[in-house]
Amino acid sequence: MKSHSVYLHIPFCRHLCSYCDFNTYAGLEEHIPAYIQALCTEIEFVAEYCEQQIPVHTIFIGGGTPSILPVREFGKIFQTISRVFDIQEHVEITIEANPGRLSYGYLKSLRDLGINRLSLGMQSAIPEELRLLDRQHDNYRTEKAVNDARRAGFGNINLDLIFGIPDQTPLSWQMTMDLALSLNPDHFSLYSLSIEPGTPLNDWLGEGLISEPDSDIAAEMYELAEARLHEHGYQQYEISNWARKGDGLGLMSCQHNLQYWRNLPYLGFGAGAHGYAGENRTVNVSRPDRYIEKLLSSEVDSSQNDISYPSTPATTRVTVISQAEEIKETMMMGLRLTGEGISRREFHSRFGTSLEEVYGGEIEELLGLGLLEWDQVTSERLRLTPKGRLLGNQVFQRFI
Amino acid sequence: MTDRIRNFCIVAHIDHGKSTLADRLLQLTDTIADRDMMEQVLDSMDLEREKGVTIKASAVRMMYTARDGLNYELNLIDTPGHVDFGYEVSRALEACEGAILVVDASQGVEAQTLANLYLALEADLEIIPVINKIDLTSARPDEVAEEIESLLGVAAEEIIQISAKEGLNVEEILEAVIEKVPPPLINNEAPLRALIFDSHYDAYKGVVAYIRLVEGKISPEDQMHLMASGAVFKPVEVGVFMPHLQPVDQLEAGEVGYVATGLKTVRECRVGDTLTSAIEPAAKALPGYLKAKPMVFAGIYPVEGEDYGNLKDALEKLQLNDASLVYQLETSQALNFGYRCGFLGMFHMEIIQERLEREYDLDIIVTTPSVEYEVVLNDGGVKRIDSPAELPSEGDILEIREPWMRIEIFTPTEFYGTVMELVKKRRGIFVEQDYPTPNRVQLIFELPLAELIIDFFDQLKSRTRGYASLDYHFIEYRSDDLVKLEILVNNESVDALAMIIHRDNAYRKGQALISKLKDLIPRQLFAVPIQAYASGRVISRANVKALRKDVLAKCYGGDVSRKRKLLEKQKKGKKRMKMVGNVEIPQEAFFAVLRLEGD
């Protein structure tokens with residue numbers, strides 16, 4: 001059986017940031033114990049589909065704010081996971097955290113539980129920008145979180161940064177980059193801000209309180225970051241992701257996210273979580289209270305008969321992915337990988353047909369437009385050109 | 001029995017409540033049971049209901065026992081409620097002896113109140129004025145009654161005040177119809193002459209002609225003849241509107257009903273034509289027949305080339321029911337294959353466009369509307385063109401003539417200045433003014449149709465906060481100093497963006513159009529120059545910058561579907577654009593010119 005990734009969604013926050021449209025809720029913390037119980041039930045439910053234990057090589061605890069959970073709740077989760085899944089030897093276990101409220105003791109406990117990768121939402125080093133994003137931390141907190149994490153034994157730390165913030169300038173972005181680089185993280189995720197409907201930021205935009213970020217300036221910031229990160233020895237491997245070389249072990253790229261980009265199977269647990277396994281894409285019910293109800297109410301057993309792997313009682317939608325759609329999604333996700341791109345050989349062995357046969361015309365056009373290229377050494381891998389990285393949608397569209 | 005027949009119609013300005021009143025009359029006479037009552041039965045098209053206007057005339061027979069204890073047959077003939085359909089209105093009025101003139105109690109008399117009133121008076125109808133919507137808090141029925149009094153000479157206190165919505169006083173109208181509207185004059189012995197005042201196409205019965213028998217009788221066995229179109233047929237069925245089609249054995253002079261002709265196109269059975277017997281034909285047709293003449297033209301193109309066949313089918317189907325829609329094949333360099341369509345007016349064009357999009361689910365591009373020009377060439381020849389692309393080169397042209405209209409604007413006097421200014425900007429000529437009611441002025445102008453069809457009505461509405469109303473009629477062709485304005489995108493002339501304008505406006509319009517297009521044409525993978533060009537020189541230019549950044553951020557929690565949907569949406573948006581050369585141009589760009597007048 002192919003090795004799987006596991007995503008665990010923690011939909012709780014103390015406070016919602018102004019740009020956030022993720023599936024998360026403030027003020028529902030009292031539901032946490034029941035939620036974790038439901039989460040464990042869901043994990044067991046999926047494990048029971050299979051006769052042998054599903055091999056798992058990455059676990060990602062995302063949110064929301066996972067670091068809102070008491071350590072004992074993580075204990076319950078890991079107990080369940082390690083009981084029902086076949087955890088691989090070099091498993092990568094990531095947790096997302098806000099720098100604001102982390103303590104050394106808490107981080108140490110997480111590390112002791114086996115969590116080995118920490119992803120910190122630093123977002124910006126500029127107080128005005130942090131205030132606009134409505135983040136609850138400052139630079140002191142970020143620095144302290146990184147230092148405490150190192151002390152606690154985290155050998156793999158990521159910093160999330162946001163660019164294209166209203167009124168952000170290339171200079172302020174450079175200051176953010178400089179501060180972030182001085183913290184020596186192992187990995188960077190740089191996201192261009194997109195203002196989503198239903199967020200406070202979108203309301204403010206509508207009321208004319210803030211101005212729409214200029215996409216040309218965002219492009220400039222992206223190129224600036226590319227250059228800075230390259231200077232500092234970070235290597236880009238995905239449109240928004242850079243990693244440094246580990247101790248003789250190659251790039252410290254995020255193995256969990258690579259699973260998505262390579263369009264390989266993952267199981268999603270928790271409210272609103274997405275999964276992809278056995279030709280099915282699944283989506284869980286969004287609201288935590290409904291999620292708890294669906295998993296912990298007594299009707300669970302009766303509804304078991306007519307659902308298929310990897311659905312659970314919390315699943316609200318299952319989409320069967322045909323091979324034709326799998327091909328599209330493989331292209332759309334795989335081309336985000338700026339280094340490895342789409343391998344001709346792997347494509348053929350996965351789909352039984354050649355890349356050119358399916359997409360000859362599109363590839364030709366995009367090569368002509370200077371958005372795609374074959375790797376220079378072997379001409380085996382199709383990937384975005386530096387120009388194409390900023391125009392990814394123009395490329396992906398042609399494959400779906 | 002025929003002295004118990006009353007044929008009447010309801011005329012009103014748009015939104016003054018004509019359809020609601022018709023509904024109430026149907027309920028009151030038990031023509032339609034309350035439980036079957038759809039709002040506004042007479043307007044059977046969704047689009048009409050949405051736009052709040054009546055597009056197709058219709059008719060219904062109601063049986064009513066009056067206060068005098070006698071039973072009457074009341075034929076209500078509905079008239080189209082828009083300025084583009086003036087001819088159809090006049091034919092429907094011709095089928096009646098009386099008209100209920102509905103005036104909104106808060107809006108008062110408007111342009112089409114007047115226009116329709118004059119049409120009704122021309123048709124010699126007995127007018128029954130009614131003030132509607134007296135339930136509204138903004139109602140000022142007494143003032144409106146005075147307006148009507150000064151207009152018609154009917155004593156203000158005799159005018160019936162109703163609320164069709166609440167059903168208030170509606171019965172008074174029926175009594176007034178019986179008392180005041182004369183019964184039809186009858187001659188059953190003369191050869192058959194019946195006026196066609198509307199029609200619709202039915203897949204089984206062919207064209208169903210709505211008729212008013214003027215003289216003679218009609219039975220389903222008779223061979224029939226249409227005097228203008230020359231069509232001869234034996235009817236499938238003859239009947240009356242109950243309001244569903246109810247076959248009868250015979251219709252007599254004075255009555256209103258229908259003949260299912262079995263004919264395949266409404267063009268063979270046009271409004272205004274005279275129906276007579278093929279065996280014993282009348283000597284003369286009824287007066288007033290006109291062939292509908294399109295005044296406004298535009299190209300309609302499928303966004304996707306492969307939809308061309310579907311567009312053709314859809315236009316064919318629409319034409320089944322709409323004799324005034326004309327179309328012919330047209331090819332455009334920029335847009336490939338499509339149809340040049342002719343419409344009665346702007347409103348007619350909008351309806352067709354919406355029906356193609358909604359009922360036939362077509363993605364279409366409608367090019368900037370044009371009028372029909374007469375181009376006199378140096379060699380003395382005259383060429384008629386309805387598309388700027390057909391304009392011969394400037395050196396070959398002696399003069400260009402364009403259609404002029406007489407327009408009547410009815411507005412509160414406070415907007416006098418702004419209306420004058422608008423008309424002047426549009427090359428209009430003031431003719432006269434009149435104050436038919438206090439605080440309201442009727443302004444008469446002459447104006448080129450080309451200026452009228454581009455955003456004039458919207459401008460008029462916004463300048464007068466919606467209070468002004470408009471009516472117009474063709475007068476004649478006049479010559480003027482007109483030139484072709486061409487638009488070059490990425491150094492290629494886009495024929496579908498060209499327009500014919502007055503030389504004095506070329507510079508201003510060229511600049512306005514370029515700055516509009518600059519905003520509307522999305523950034524492409526390369527920089528795109530756009531230029532406006534007239535009389536051999538570039539009068540404005542701009543650059544659409546190359547696209548630099550277009551990429552989605554992270555896919556959180558493995559939500560691949562969301563990402564894919566966003567891309568699919570983006571791709572679909574792209575598909576709705578037209579590739580001209582290697583530039584993607586969105587549909588809005590093709591009617592950017594419609595929104596040029598920021599004035």
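Trainee: Which residues line the second largest cavity?

Mentor: First, the idea: on a 1 Å grid over the protein atoms alone, a cavity is a set of points where a 1.4 Å probe fits but cannot get out, and lining residues have an atom within 4 Å of a point. Here the lining is A:Phe163, A:Leu190, A:Tyr191, A:Ser192, A:Tyr222, A:Ile239, A:Ser240, B:Lys549, B:Val551, B:Leu552 and B:Ala553. This is a predicted model, where local features need pLDDT of at least 70, side-chain atom pairs count only at pLDDT 80 or more, and totals for chains, interfaces and linings use all residues. Residues are numbered from 1 along each chain as its sequence is written, and chains are lettered from A in the order in which they are written.

Trainee: Which strand gives the largest share of that lining?

Mentor: Strands are DSSP runs of E, at least two residues, and helices are runs of H or I, at least four, numbered from the N terminus. Strand 8 (residues 187–192) of chain A supplies three residues here.

Trainee: What volume does the largest cavity have?

Mentor: A volume is the space filled by probe spheres set on the grid points, which are joined across faces, edges and corners. For the largest cavity that comes to about 200 Å³. Of its 17 lining residues, the closest to the centre are B:Ala450, B:Ile454, B:Met499, B:Ile500 and B:Ile501.

Trainee: Which element gives the most to this lining?

Mentor: Strand 27 of chain B, with four residues. Helix 10 (449–452) of chain B also supplies at least two.

Key:
Side-chain values use heavy atoms; hydrogens and water are left out. On a 1 Å grid over the protein atoms alone, a cavity is a set of points where a 1.4 Å probe fits but cannot get out, and a pocket is an open set with protein on both sides within 12 Å along at least five of seven lines; lining residues have an atom within 4 Å of a point.
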